[in-house]
Amino acid sequence: MMTLTPTHTRDVQIATIGHNTIMVRSRTWERLKFEVEYSRQRGTTANSYLIQGDQIALIDPPGVSFTEIFIEELSKTIDLNRINYIILSHVNPNRLITLKALLEKLPQVTLICSRPGANILKTALKETQSIRCPETLDLGQGHHLQFITVPTPRWPDGLCTYDPATELLYTDKLFGVHICEDSIIDEDWKALDSDRLYYFDCLHAPQAKQVEDALDKLSRFSVKGYAPGHGCLVRHSISRLTYDYRYWCGQQKRQDFKVALLYASAYGNTATLANAIAQGLIQNGVEVESINCELANSNDILQAVETCDGFILGSPTLGGHAPVQIQTALGIILSSGDKTKLAGVFGSYGWSGEAIDLLETKLQDANYRFGFAPIRVRFSPTSDNLEQCYQAGTEFVQALKRNKKIRSPRISATESQINRTEQAVGRIIGSLCVITTQNGNSPKGILTSWVSQASFNPPGLMIAVAEDQNADLMRHTGDKFVLNILSEGRNVRRYFSRHSSLGSHPFSEIPTKTAENGCMILSEALAYLECRVERIMACGDRWLIYAIIEKGEVILTDGVSAIEHRKSAGY
């Protein structure tokens, strides 16, 4: 990986990444902004893309930091008058400056975005500007683009784009990383692990629920590459990074404490403060549910308030008042909230900041205790303001831990007994395995530990499979599969999940060979068994599959089986 030096100047890198497809990558080796996500100071890239069919589309022009050099280099690459569409994966004030500069040079262009994005554009641009929100867009020559809305609290207008001609998925804020280097593709992807995790924690951990929804939406596409808004093109680690995202999302649900972070943001300043507070919470081991009250309904807010251990409420001040959405959220908290839960208040303002005073006063009058002193920031937040917010998040976690000793939840005897029973059942352990099946030329792999030997003669085993595990290729008598028994110390499991789809291809990233029954053998497994389904039985919420073992072999003679230890029967 390239060593970053402060002697580099900002530039634009041009590279062909597919058929009639060009990456236009604006680069800086210095810290671009003072937000927490850039604090590793490894630079970043703002990735734009050109797709050229019979018509031409530009995806995601960069922010104001690159406006001049981007337009200059883009003009050298293509005649700007030939561009028919500009696709915006999200809209923000930073990007609008570059967009307006482009529109002065190509007023004929049509803007493509999500409906929430269109609402922003209609207030920021001329009334005559053409804006569309289609589900598909045919550029010709096979580039029949498909658009997928992926709203999150931070980017409510989020939009991903899939191009079947190149099988590239343009993912904007998903699967990115803040690193500046010469490499276009993730050839050295293992070296990116820590930076990718930091990027996820900063941008997506507070909105893990919505990220999981986005992953589900995107899983139906056959993908040969992720084209994110920052960092390198993802080709060599598609399955691994997808698994990591699901795993990281799942980690948020396994924390001891949960905080609901509710806010509205008129100009993005309050949202920036919210993100900094979230980082202080997340880095101290707390699950954060981030809710943009401008998008959420009353039931979402009520559920978040009821299920959290503490809540933090943030608001801008508009015309001397809090936005209606924040007043609604405050009303729900005051009428339905548990007064023993910890509270926090923050916000930004231009002149007087009455909204923050309102939130503080109403919560104090309702006898809520605060986890940190209310935060008031005038105009755009500075680096000191963001550090204050981060520390406030840390302080809130410490207060939560102290509050836990005071506020002990009462659990009914029945619920308590169920919890103890689940914990006891969870102590049943099993060997960690990957089941591989084959559908034509498409392999599938499912991670499981619900396997046991069922018979000696003939040698047979029993597997329990859930309805939603996509294990349809082993639910009929005669179906073939390979049971790969994983070895302790070899992290093969990271490539697989308990759910599989034909669009997922982890096998391209790990050594494999084909078994006699046509399914994949993982070369780094401890052992493998070639099996044939003999009987199937529906049992509770699982299918029990009895299979005959036709052939098997130990691959690592000195290895030991990887074991999955669970704390509960609930997963």
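These exercises walk through a few sites of a predicted model.

**Exercise 1. Describe helix α6: what is its span, and how many of its residues are buried?**

Solution. 
- Take the length. Helix α6 (residues 238–253) has 16 residues.
- Compare spans. From first C-alpha to last, α6 reaches 24 Å, close to the expected 22 Å.
- Count the cover. Twelve of the 16 residues are buried, so α6 is mostly covered.
- Name some of them. Among the buried residues are Leu241, Tyr243, Tyr245 and Trp248. Arg240 and Asp244 are buried too.
- Find the partners. The buried residues of α6 pack against the helices α4 (193–203), α5 (208–218) and α7 (269–282). They also pack against the strands β12 (225–228) and β14 (286–292).

**Exercise 2. Work out how helices α9 and α10 are arranged, and which residues make their contact.**

Solution. 
- Locate the pair. α9 covers residues 324–336 and α10 covers residues 354–365.
- Read the geometry. The helices pack at an angle of about 10°, with axes 11 Å apart.
- Classify the angle. Angles under 35 degrees count as roughly parallel, so α9 is roughly parallel to α10.
- List the contact. α9 supplies Ile326, Leu330, Ile333 and Leu334. α10 supplies Leu358, Leu359, Lys362 and Leu363.
- Sort by class. The contact has seven nonpolar residues, no polar residues and one charged residue.

**Exercise 3. Characterise tyrosine 349 and the annotated region 259–397.**

Solution. 
- Begin with the region. An unreviewed UniProt entry annotates residues 259–397 as "domain: Flavodoxin-like".
- Check its make-up. Residues 259–397 are 46% helix and 24% strand. The end C-alpha atoms of this stretch are 9 Å apart.
- Turn to the residue. Tyrosine 349 lies in strand β16 (residues 342–349).
- List its contacts, neighbours within four places aside. Tyrosine 349 touches Thr317, Ile356, Arg376, Val377, Arg378 and Phe379.
- Finish with a distance. Arginine 475 is 126 residues away along the chain, and the two C-alpha atoms are separated by 60 Å.

Note on methods: Residues are numbered from 1 along each chain as its sequence is written. This is a predicted model: local features need pLDDT of at least 70, side-chain atom pairs count only at pLDDT 80 or more; totals for chains, interfaces and linings use all residues. Side-chain values use heavy atoms; hydrogens and water are left out. Axes are lines fitted to C-alpha atoms, for helices over the stretch in contact, and angles run from 0 to 180 degrees between N-to-C directions. Helices (H or I, at least four residues) and strands (E, at least two) are DSSP runs, numbered from the N terminus. Angles under 35 degrees count as roughly parallel, over 145 as roughly antiparallel, 65 to 115 as roughly perpendicular and the rest as oblique. Contact means heavy atoms within 4.5 Å. Ala, Val, Leu, Ile, Met, Phe, Trp, Tyr, Cys and Pro count as nonpolar, Asp, Glu, Lys and Arg as charged, and the others, Gly among them, as polar. The expected span of a helix is 1.5 Å times one less than its number of residues. Buried means under 20% relative accessible area, exposed over 50%, partly exposed in between (1.4 Å probe, protein chains only). UniProt positions are given in the numbering used here, feature names are shortened, and annotations may be inferred rather than shown by experiment.
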